[in-house]
Amino acid sequence: MEEGTSKEPSHSCCTEEAFQWDTREDCEVRQILDRIGDKWSLLVIALLDNQCMRFTELKKTIDGISQRMLTVTLRQLERDGLISRTVHPVVPPRVDYELTPLGVTLHATIQSLVTWTETHQTEIAAARARYDAVSSGSA
């Protein structure tokens, strides 16, 4: 095969040698994982499970999120095709957000992570306490 005629997309940085994803910042898989793994995205996706919510409802429900951060998070999730935004032609404007079919599949994966965390939270708390006791004793 001639150089430069690979059938793989030129923007792909993921290779078999990198196993599941490349660690370089410009790797698309890493960018997606960074997006969906941030705390605000996880909370928005969890809240939109089986329901449609308005911006103000999301803002009131998510403790500690600023209006700007919620706006940025919603735009990024919409751009990635995980949520849809519906603007209703009323005064004042009403905007609803809901998971897309793709977002629903991600929610199922997130739910598995939450279930694992709930199952193992006692073990993790004990490990943290052991680590903290050893760390504070060696300082």
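## The sheet

The chain contains an open sheet of three strands, ordered β1-β3-β2 and paired in the antiparallel sense. Its edge strands, β1 (53-54) and β2 (83-88), each pair on one side only. Two strands count as paired if DSSP finds at least two bridges between them. Helices (H or I, at least four residues) and strands (E, at least two) are DSSP runs, and their numbers start from the N terminus. The model is predicted: local features need pLDDT of at least 70 and side-chain atom pairs count only at pLDDT 80 or more, while totals for chains, interfaces and linings use all residues. Residues are numbered from 1 along each chain as its sequence is written, and side-chain values use heavy atoms, with hydrogens and water left out.

β2 and β3 (residues 94-99) run antiparallel and are joined by six bridges. A hairpin of five residues leads from β2 to β3. Along this pair, Ser84 has Glu98 of β3 as its bridge partner, and Ile83 stands opposite Leu99 in β3. β1 pairs with β3 over two bridges, also in the antiparallel sense. In that pairing, Met53 has Tyr97 of β3 as its bridge partner.

## Order of the elements

The protein chain has five helices and three strands. Read from the N terminus, these elements follow the order α-α-β-α-α-β-β-α. Of the contacts between residues at least 6 apart in sequence, 38% join residues at least 24 apart; a contact here means heavy atoms within 4.5 Å.

Helix α1 (residues 28-37) includes Gly37. In sequence, Gly37 and Ile110 are 73 residues apart, yet their C-alpha atoms are 9.3 Å apart in space. Gly37 is partly exposed, with a relative accessible area of 47%. Buried means under 20% relative accessible area, exposed over 50%, and partly exposed in between, using a 1.4 Å probe and protein chains only.

Buried residues make up 22% of the 139 residues in the protein chain. The largest nonpolar core has 20 residues, of which Val44, Leu48, Leu58, Leu70, Leu74, Ile83 and Tyr97 touch the most other members. At least two residues of this core come from each of α2 (39-47), α3 (55-61), α4 (67-79), β3 and α5 (101-138). A nonpolar core is a set of buried Ala, Val, Leu, Ile, Met, Phe, Trp, Tyr and Cys residues joined through side-chain atoms within 4.5 Å.

Leu48 shows which parts of the chain meet here. Apart from neighbours within four places in sequence, Leu48 is in contact with Met53, Leu58, Ile83, Tyr97, Glu98 and Leu99.

## Helix α4

α4 has 13 residues and reaches 18 Å from its first C-alpha to its last, close to the 18 Å expected at 1.5 Å a residue. The expected span is 1.5 Å times one less than the number of residues in the helix.

Which residues of α4 are buried? They are Leu70, Thr73, Leu74 and Leu77. Seen down the axis of α4, these buried residues fall within an arc of 95 degrees, so they line one face of the helix. The arc is that of the directions from the helix axis to the C-beta atoms. The buried residues of α4 pack against α2, α3, β2 and β3. On the face turned away from the buried side are the exposed residues Arg68, Arg75 and Arg79.

## Gly81 and Thr100

Just after α4, Gly81 takes a positive phi of about 80 degrees. The backbone oxygen of Gly81 is reached by the side chain of Thr100 at 2.5 Å.

Thr100 is found in the loop between β3 and α5. Is Thr100 buried or exposed? Thr100 counts as buried because its relative accessibility is 14%. Leaving aside neighbours within four places in sequence, Thr100 is in contact with Gly81, Leu82, Ile83 and Ser84.

Conventions:
Polar contact = N/O pair within 3.5 Å; in protein donor to acceptor, adjacent residues only side chain to side chain.
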